[in-house]
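Please keep the sequence and the model at hand while reading.

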Amino acid sequence: MADKTQAAEAVAGAGGPAVDQPAAEGGKQPRSVRVVLMALMTAMLLAMLDNMIVGTAMPTIVGDLGGLEHLSWVVTGYTLATAASTPIWGKLGDMYGRKGAFLTSIVIFLIGSALSGMAQDMGQLIGFRAIQGLGAGGLMVGVMAIIGDLIPPRERGKYQGMMAGVMAFAMILGPLVGGTITDHWGWRWSFYINLPIGALALIAITVVLHLPKKRVKATIDYLGAGLLTLGICSIVLVTTWGGSQYAWGSARIMELAGIGVAALVGFVFWQTKAAAPIIPLHIFRSRNFTLMSIIGFITGFVMFGAVLFLPLYQQSVQGASATNSGLLLLPMLGAMLAVSLVAGRVTTSSGRYKIFPLVGSVLMIAGLFLLSMMDTETSRFTSGLYMAVLGAGMGCLMQITMLVAQNSVEMRDMGVASSSTTLFRTLGSSFGVAIMGALFNNRVQDVMTERAGALGSKLTEASAQLDAASLAKLPAPAREAYQHAVSSGTHSAFLLGSAIAVLALAAAVFVKEVPLRGAVAPKPGEDEPRDAAPAATLAESV
């Protein structure tokens, strides 16, 4: 097959990107675009790797700074700031230019990282982690929106494997890297390690990436931003505190739920009036965008629940080592990466994608149901096969949801489309961890009481999750009872996840296969589908 000459050029009126080098002769892609993609993947790695590394360092941090009672806020503060700032970063990119917004988010993230490494007490660490989270909110959105500008949807499938690979790399090696850094350099370097990586991404993006500058006359929707922030923070706190620090029916949880719902209702109403809404409601008029938001929410719900409970089951019931919990997820993540590569290539070559949400949803339902059937006798090989089925479903869904969502909006809304899709996935993960976690904890408590009486109930009263050291100290009957309890808890959690995943399948059925931008033009006289956004960019393919 003859080499194709590739072009990456800006379409001035449509806000397309430009790179600093023209296409190379002989069909080779400009080196600048390859460098930009590597820099974007580095920034994505920053966002995904951070929590994995810091989570491993937490016991050492508490031992040094104290404040065990506030430990959860180190994660909660970061999560709140990330979730609340995500849609705002997307809007800022649409209004003032993606490059500037993205670089700013990296700088804020690095400042938060440096300050977190210098924290002298737990209060400072929580505050600095919140600053870090504000920057993290723009990292993933910036990556997705810039890729959406740089590469047409028809060609973007080729890069799905790269993005899935970064995610798998972070989840598998994050705990190992965190443990190594903490043991040899100290916990402060679990934050400082972000500085050289972030600096590398900053330099590469600053030098190579050239996007048209933009500035709209409308001002930022401060009221909308405030209402959305209040609503998101309240809902995330409900899912974080509910069933752990406060009972689900407690006054505090009910107050937060009421505040969250009222704020989000007010936000939706205000977006119909605002001159420059944070999330323009017209993007939800696209059937595909709305369906991808639903599927993204459910994917987040299921995936992060699986990431939480699978290592716990493997360590408690199957006796796996906790040295690197990421390796325990290798069957799921490996399948996800492989299928994502195939899905991306097929989408690019054929221009068709509806099959992947359908097949992905079916595999996700099947995988979760199979995982719900695990008991104390299930072998590691069998559980690995079940995890691979779930991972294959995730591979069909993880990147396709973003691809179709971006293809369903105009170029001027690329940022808010990317941020909204990311936000729905984030909220889905919060709800998944909370609801599946509550079901798991209640089931573990019930089974422990049934099998070990008062002793069993007392052992899991504070937490249904016992670490390896605590489990080894239990007498044999109590340890056996706990293994049955964990098995029963994961059964209930995954069975719920399987039922929830049916909603993703229902949504996938109604997806309309709109031609991807960058695909072959319609035949003469053939109308372009209503959902199709106008093509804005020509970019090179690999």
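Helices are DSSP runs of type H or I with at least four residues, numbered from the N terminus. In that numbering, Ala-343 has its place in helix H13, which covers residues 330-350. The model described here is predicted.

**Helix packing**

- Two packed helices are described by the angle between their axes and the distance between the axes.
- Helix H3 (residues 98-117) packs with helix H4 (residues 122-150) at an angle of about 150°, and their axes are 7 Å apart.
- Because angles over 145 degrees count as roughly antiparallel, H3 and H4 are roughly antiparallel to each other.
- The crossing in which H3 passes H4 is left-handed.
- Helix H11 (residues 287-316) and helix H15 (residues 380-407) also pack at about 150°, with 9 Å between their axes.
- H11 and H15 are therefore roughly antiparallel to each other, and their crossing is left-handed.

**Buried residues within helices**

- Ala-343, in H13, counts as buried because its relative accessibility is 0%.
- The C-alpha atom of Ala-343 is separated by 8.8 Å from that of Lys-158, although the two residues are 185 residues apart along the chain.
- Gly-391 belongs to helix H15 and counts as buried, because its relative accessibility is 0%.
- Between the C-alpha atoms of Gly-391 and Leu-363 the separation is 8.4 Å, and these residues are 28 residues apart along the chain.

**Salt bridges**

- Side chains of opposite charge can pair when their charged atoms come close.
- Six salt bridges are found in a search of the whole structure.
- One of them joins the side chains of Asp-94 and Arg-98, with an N to O distance of 2.5 Å.
- Asp-94 is buried, at 8% relative accessible area, and Arg-98 is buried as well, at 6%.
- A network of salt bridges links Asp-94, Arg-98 and Asp-149.
- Arg-412 forms a salt bridge with Glu-410, where the closest N and O atoms are 2.8 Å apart.
- Arg-412 also forms a salt bridge with Asp-413, where the closest N and O atoms are 3.9 Å apart.
- Glu-410 counts as partly exposed, at 37% relative accessibility, whereas Asp-413 is buried, with a relative accessible area of 5%.

**Surface patch**

- A nonpolar patch on the surface is formed by Phe-304, Leu-308 and Val-433, which together have about 210 Å² of accessible area.
- Val-433 lies in helix H16, residues 414-459, and counts as partly exposed at 35% relative accessibility.

Technical notes
Residues numbered from 1 in each chain as written. Predicted model: local features only at pLDDT ≥ 70, side-chain atom pairs only at ≥ 80, totals over all residues. Heavy atoms only, no water. Patch = residues over 30% accessible without salt bridge, like charges linked within 9 Å, V, L, I, M, F, W, Y side chains within 5 Å. Areas by Shrake-Rupley, 256 points an atom, 1.4 Å probe, with all protein chains shown as cover. Salt bridge = Lys/Arg side-chain N within 4 Å of Asp/Glu carboxyl O. Helix = DSSP H or I, 4+ residues; strand = E, 2+ residues; numbered from the N terminus. Buried < 20%, exposed > 50% of the residue type's maximum accessible area, 1.4 Å probe, protein only. Axes fitted to C-alpha atoms, helices over the stretch in contact; angles between N-to-C directions. Parallel < 35°, antiparallel > 145°, perpendicular 65-115°, else oblique. Left-handed = near helix turned anticlockwise from the far one by under 90°.
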